[in-house]
Structures are given as C-alpha cells and as structure tokens.
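Q: Please take a close look at a single part of this model, the salt bridges and the strands around them.

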Amino acid sequence: MMWGTALACRNALRLEIIVPLYVYEIVAESEEGGETFEVLQSYNDPPLTHHPDSGLPVRRVLTTATVTGRWADSKSAALLSDKNLSAKGFTKYVNMGNGKYEKQAGKGPDVISRE
C-alpha cells in the first residue's frame, strides 16, 4: 500500500511539472489575429473559448513545442561545452575555412585539414 501511494504521488507531481504552455489569440472582428497570451493548462483541460479576464472570444494558436527540463537549450549548451566534451573523451574541431579544422577541446592534433 505504501509503495502504491508513493508511486501515485510521484506521478501526480510529474503531471504538475509537465504542463504545456498554450498560446491563444483574441479573435478580432476582422478575423485576423488579435492580441496573444499564454496559458499553462493540463493536457486534459479543454481549450479556452473566451479570454479569462476580458471574456472576449479566443482561439488556440498552433506553435512549435517548448522543450524544458533535461532537453532544454540551456541544458544542451552545458552538455556540449568544451570542458564537458573534453571530460567525456570527445575532441571538438571548428571549421576555419579552406578545409582546415582547429581543435577547440579534447585530445588530438591542433589542426587537421582535408589536403
């Protein structure tokens, strides 16, 4: 019983953390896009039909997904830093042009070329 309760709590916590951010726009009389705003909603919540404050009609806008947590851009930058790549045994080269690559991190020759 205790394990099931702990698992349910962990899953509930996970659902609270992974909540999508939806973008809505106010439907203008001219049918063109109006002012936009963002709302954190559960996957199970129905889409909004009216602005929560003004009551004006709204529609959900299709946008690209926002990645957070483990796969966020800020996390990727740290994982791909020169220091971290070297620590993990990788070598990083940067294209200097004309077929030459200069070492930025790791072990190996300082310069390699396509000649």
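A: D110 and K103 form a salt bridge, with their closest N and O atoms 3.3 Å apart; the term means a side-chain nitrogen of Lys or Arg within 4 Å of a carboxyl oxygen of Asp or Glu. D110 is exposed at a relative accessible area of 54%, while K103 is partly exposed at 24% (buried is under 20% relative accessible area, exposed over 50%, partly exposed in between, with a 1.4 Å probe and protein chains only). This is a predicted model, in which local features need pLDDT of at least 70, side-chain atom pairs count only at pLDDT 80 or more, and totals for chains, interfaces and linings use all residues. Residues are numbered from 1 along each chain as its sequence is written, and side-chain values use heavy atoms, leaving out hydrogens and water.

Strand β5 (residues 100-105) is joined to β6 by three bridges and runs antiparallel to β6. Strands are DSSP runs of E with at least two residues, helices runs of H or I with at least four, both numbered from the N terminus; two strands pair if DSSP finds at least two bridges between them. E102 has V111 in β6 as its bridge partner. The open sheet has three strands in the order β4-β5-β6, paired antiparallel. Its edge strands are β4 (92-97) and β6 (111-113), each pairing on one side only.

A salt bridge also links D82 and K92 (3.0 Å, N to O). D82 lies in helix α3 (residues 82-87) and K92 in strand β4, so the pair ties together parts ten residues apart in sequence. D82 is partly exposed at 28%, and K92 is partly exposed at 30%.
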